[in-house]
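Subject: Structure handover

Hello,

Here is the structure I said I would pass on. My notes on it follow below.

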Amino acid sequence: MALKERPKPFLLPEYCKGCGRCIDACAKDCISLSDQVNSLTGLVPVVLDLTNCNACGLCMDACPEPYGLRPAQEGPHQKFELEDPAKLFGVRPSDAPDPVDVPAQVLPLPATDGDGRQEPPVDRRLEPSGEAISAVSAVSAAPQ
Ligand code: SF4
Ligand code: SF4
């Protein structure tokens with residue numbers, strides 16, 4: 001009976017968040033952080049050098065990303081550059097709530113003075129409260 005070869009990992013950098021768990025998991029030092037930010041994600045993904053890889057699979061077990069490190073597929077998927085992950089691996093599991101419509105909201109225009117200029121906004125946080133005014137008055141009125 002022919003032994004089946006274990007798959008080595010592959011990665012689409014777009015789905016790597018650079019957490020480094022796979023780096024720690026690999027005893028063969030096949031994985032390292034890239035020296036470049038991925039322009040699509042703004043994150044630094046890992047890069048693979050599988051020269052010494054023994055296909056142990058520990059890196060794939062360690063990867064928390066649903067579309068992160070995956071076993072290299074045999075057949076037509078072997079050389080793909082970028083395919084819809086949902087077609088390759090199925091719909092991504094998610095417990096996010098279903099989107100709901102946000103009702104349109106009409107906001108009033110800011111008030112203007114007689115010349116059509118906008119009145120400067122009033123920052124209510126800077127207005128002293130009644131308690132603060134009372135406290136200042138009490139301190140001012142206290143005998144020196
Ligand atoms: S399969 Fe094993 S040896 Fe290969 S990169 Fe992953 S952890 Fe390293
Ligand atoms: S464990 Fe997965 S997400 Fe984290 S750095 Fe490795 S490939 Fe990227």
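Leaving aside its neighbours within four places in sequence, which residues is Cys30 in contact with? They are Leu48, Asp49, Leu50, Asn52 and Cys53, where two residues are in contact if their C-beta atoms, placed from the backbone, lie within 7 Å.

This is a predicted model, in which local features need pLDDT of at least 70, side-chain atom pairs count only at pLDDT 80 or more, and totals for chains, interfaces and linings use all residues. Residues are numbered from 1 along each chain as its sequence is written, while chains are lettered from A and ligands numbered from 1 in the order in which they are written.

Cys30 sits in the loop that joins α1 (21-25) to β2 (31-33). Cys30 counts as buried because 21 C-beta neighbours lie inside 10 Å; the cut-offs are 20 or more other C-beta atoms within 10 Å for buried, 12 or fewer for exposed, and partly exposed in between. Between the C-alpha atoms of Cys30 and Asn54, 24 residues apart along the chain, the separation is 9.8 Å.

On the protein in general: there are four helices and four strands, in the order β-α-β-β-α-β-α-α from the N terminus. Helices (H or I, at least four residues) and strands (E, at least two) are DSSP runs. Of its 144 residues, 10% count as buried.

Around ligand 2 there are 15 residues, counted when the C-beta atom, placed from the backbone, lies within 6 Å of the ligand. Those that come nearest are Cys16, Cys19, Cys22, Cys63 and Gly68.

Regards
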